[in-house]
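Please consult the sequence and the model shown here while reading.

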Amino acid sequence: MIGVRAEKLEEYKRLHAAAWPGVLKMIYDCNLRNYSIYYKDGLLFSYYEYVGDDYAADMAKMAADEETKRWWALTDPCQCPLDTRAEGEWWAGMEEVFHCD
């Protein structure tokens, strides 16, 4: 979960409506599936399913990708990290309180 700057919301939506193919490929190559971002009342909520076996390595691979870095240089200024996020987090993790398969 992360905040989105009100003045940047339309830009953020526009960017994601035409997400770069290389960024989408990297998401897939890093074993993320069924990835969605939702908006409500100034907040973004991200959901994805991880199908790999080394999450830390896959996230490091994504963070090292040059095209993904250029994408984040456009999207990060639209975001406003929550004050209550854990140290080292950009998007704040959330506690799962219910799950049903």
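Strands are DSSP runs of E with at least two residues, numbered from the N terminus. In this predicted model, N34 is found in strand 2. The points below begin with the backbone around that strand and then turn to the helices.

**Backbone geometry**
- Most residues other than glycine have a negative phi.
- N31 lies in the loop between helix 2 (21-29) and strand 2 (32-40).

**Burial in helix 2**
- V23, M26 and I27 are the buried residues of helix 2.
- Viewed down the axis of helix 2, these buried residues fall within an arc of 105°, so they line one face of the helix.
- P21 and K25, on the other side of helix 2, are exposed.
- The cover over the buried residues of helix 2 includes strand 2, helix 3 and helix 4.

**Packing of helix 3 with helix 4**
- Helix 3 (residues 55-64) packs with helix 4 (residues 66-75) at an angle of about 75°, and their axes are 5 Å apart.
- Because angles of 65 to 115 degrees count as roughly perpendicular, helix 3 is described as roughly perpendicular to helix 4.
- Helix 3 contributes M62, A63 and A64 to the contact, while helix 4 contributes E66, T68, K69 and W72.
- By class, this contact has four nonpolar, one polar and two charged residues.

Terms used:
Residues numbered from 1 in each chain as written. Predicted model: local features only at pLDDT ≥ 70, side-chain atom pairs only at ≥ 80, totals over all residues. Heavy atoms only, no water. Axes fitted to C-alpha atoms, helices over the stretch in contact; angles between N-to-C directions. Helix = DSSP H or I, 4+ residues; strand = E, 2+ residues; numbered from the N terminus. Parallel < 35°, antiparallel > 145°, perpendicular 65-115°, else oblique. Contact = heavy atoms within 4.5 Å. Nonpolar A, V, L, I, M, F, W, Y, C, P; charged D, E, K, R; others polar. Buried < 20%, exposed > 50% of the residue type's maximum accessible area, 1.4 Å probe, protein only. Arc of directions from axis to C-beta.
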